[in-house]
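Work through the exercises below with the sequence and the structure at hand. Each task is followed by a solution in steps.

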Amino acid sequence: MKDKDLARIFENAFPNTLDTTVRWHVGGTSGRARKRKNDGLGDEGHWDGAQSFIVTGDINAEWLRDSTNQLAQYQMLAKKDTQLERLIFGAINTQAEFVIESPYCNAFQPPPPSQVPPSSNGQEDSVHPAYEPTRVFECKYEIDSLANFLALGNQFYKSTGSQEFLHERWYLAIETLLEVLEEQAKPTFDPKTGRFEGNEYLFRRKTMAGTETLNLGGLGNPLKGGTGLIRSAFRPSDDATILGYFIPGNAMMAVELKRAATMLKAVGKSELARKLQERGDSIEKGIWEHGVVMHKRYGEVFAFEVDGFGSSIIMDDANLPSLLALPVMGFVARDDKVYQNTRKMILEQTGNPYYLEGPAFGGIGGPHIGLEHPWPLSRMVQAMTSDDDDEISNALASVRSSSRLGLVHESINVDLVTDYTRKQLRLSG
């Protein structure tokens, strides 16, 4: 790497997950659940084999989304590095246990066998379905959490060819995931009678921040059925959705379902592969039918959120998955016309209310941090989705000049690069 500053940032960031976020790992003897008596921790096979608990960084809890992204950079090395292969294999097994026990939750406490003590998130939450707080750190239902569970296995299979993780517990996690998708595809009102139907998931928090809870008694705003889309109560930023059909999350789910279907078909699981393929196709069709809207300035664009009734939210957020990252996740090609229109829109203040600019730094932010702190992550995704050399160079220069500690921060003040949140955003490693 010719740029010594960028080289130093990479040198610092690349090993950071391994150095600072692996709280617990056991190699195990086999990926297949061993038959044994219930040990008080769950079903047979619970916590068998290799396990890895990967924390987000400054919080002693594992987010499904974050741990998948933190490990993604090592996937290409796993076939040649046994220790990395065991670490990622263990992470898949651990995530599978989390999904089986609490599929609506996004962040988890250390597994009981680790003997690492749980911690409190300091919140007063009322959630349905109920969860065990010694096992779950936070229970915000986010569709991308489940998509990232799929992604971790898909990436591992692609990079190593290993089928070791395809055991009974993983298959149970997949069936559990499909049940959640079925439940969250339901409309708010019965399409025949028009009567309110309710939802399996409710979330209420005592808070002064509207983005931290759901309105209408923990339900969120009404959604129309028959769209093919899947409800998400929260965004990857952990902020509540306004309209529950979160398009980037649905796009990621569609992609990962179909990738998993291809893998399962190859290993002889044709019926399960069919289920995943059909659900993925249905979601993708729903995005193109309901998630693409006409903007008077930019033409056809992807909305950030929709409700199926015709309402839409036009914006983007730096957190992944995002509209900007649609080609990165494999949903569309970079030269797709609707994506190009969307990209132009969300990289301008006139099109995206969370595109934040100032004399020191600029990029996409989001409501989670505020209106003066864009994320360097958005500039890196901007570079990854561009074919323009000048745009790529400018985006990387912006990240380099704002990383004065040799680490990529979570967000940076538009007026002062030394005013940042989180010294190291480990997703950027």
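This is a predicted model: local features need pLDDT of at least 70, side-chain atom pairs count only at pLDDT 80 or more; totals for chains, interfaces and linings use all residues.

**Exercise 1. Characterise the largest pocket and its lining.**

Step 1. Start with the space: the largest pocket holds about 1500 Å³.
Step 2. Count the lining, which is made by 42 residues. Those nearest the centre of the pocket are Asn69, Ala72, Gln73, Val328 and Met384.
Step 3. Assign the lining to elements. Those giving two or more residues include helix 1 (4–13), helix 3 (64–72), helix 10 (326–329) and helix 12 (376–384). Helix 8 (247–266) and helix 13 (389–402) are also among them.
Step 4. Find the main contributor: helix 5 gives the largest share, 7 residues.
Step 5. Sort the lining by class, which gives 27 nonpolar, 11 polar and 4 charged residues.

**Exercise 2. Locate the disulfide and describe its geometry.**

Step 1. How many disulfides does the model have? The count comes to 1.
Step 2. Identify the pair: Cys105 and Cys139, with sulfur atoms 2.1 Å apart. The cut-off for a disulfide is within 2.5 Å, so this pair qualifies.
Step 3. Read the angle about the S-S bond, -80°, for which the link of Cys105 and Cys139 is left-handed.
Step 4. Cys105 is in the loop between helix 4 (82–101) and strand 4 (107–108). Cys139 is in the loop between strand 6 (136–138) and helix 5. The two are 34 residues apart, and the pair links distant parts of the chain.
Step 5. Are the two cysteines, Cys105 and Cys139, buried or exposed? Both are buried.

**Exercise 3. Trace the strand pairings.**

Step 1. Strand 1 (residues 22–26) pairs with strand 2 in the antiparallel sense, over 4 bridges. In this pairing, His25 has Ser52 of strand 2 as its bridge partner.
Step 2. Follow the side chains of strand 2 (residues 51–54). Gln51 and Phe53 point one way, Ser52 and Ile54 the other, and all are buried. In general, side chains of a regular strand alternate between the two faces of the sheet.
Step 3. Turn to the open sheet of 3 strands, whose order is 3-4-6 and whose pairing is antiparallel. Strand 3 (62–63) and strand 6 are its edge strands, as each pairs on one side only.
Step 4. Strand 4 and strand 6 share 2 bridges. Across this pairing, Phe108 stands opposite Val136 in strand 6.

**Exercise 4. Find the backbone exceptions.**

Step 1. Recall the rule: most residues other than glycine have a negative phi, and most peptide bonds are trans.
Step 2. List the cis bonds. From His128 to Pro129 the bond is cis, with omega near 5°; Pro129 is in the loop between strand 5 (125–128) and strand 6. From Leu320 to Pro321 the bond is also cis, with omega near 5°; Pro321 lies in the loop between strand 12 (312–313) and helix 10.
Step 3. Gln115 has a phi of about 60° and sits in the loop between strand 4 and strand 5. Leu216 has a phi near 55° and is found in helix 7 (residues 215–218).
Step 4. Check accessibility, with exposed meaning over 50%. Gln115 has a relative accessible area of 73%, so Gln115 is exposed. Leu216, at 55%, counts as exposed too.

Methods
Residues are numbered from 1 along each chain as its sequence is written. Side-chain values use heavy atoms; hydrogens and water are left out. On a 1 Å grid over the protein atoms alone, a cavity is a set of points where a 1.4 Å probe fits but cannot get out, and a pocket is an open set with protein on both sides within 12 Å along at least five of seven lines; lining residues have an atom within 4 Å of a point. Grid points are joined across faces, edges and corners, and a volume is the space filled by probe spheres set on the points. Ala, Val, Leu, Ile, Met, Phe, Trp, Tyr, Cys and Pro count as nonpolar, Asp, Glu, Lys and Arg as charged, and the others, Gly among them, as polar. Buried means under 20% relative accessible area, exposed over 50%, partly exposed in between (1.4 Å probe, protein chains only). Two strands pair if DSSP finds at least two bridges between them.
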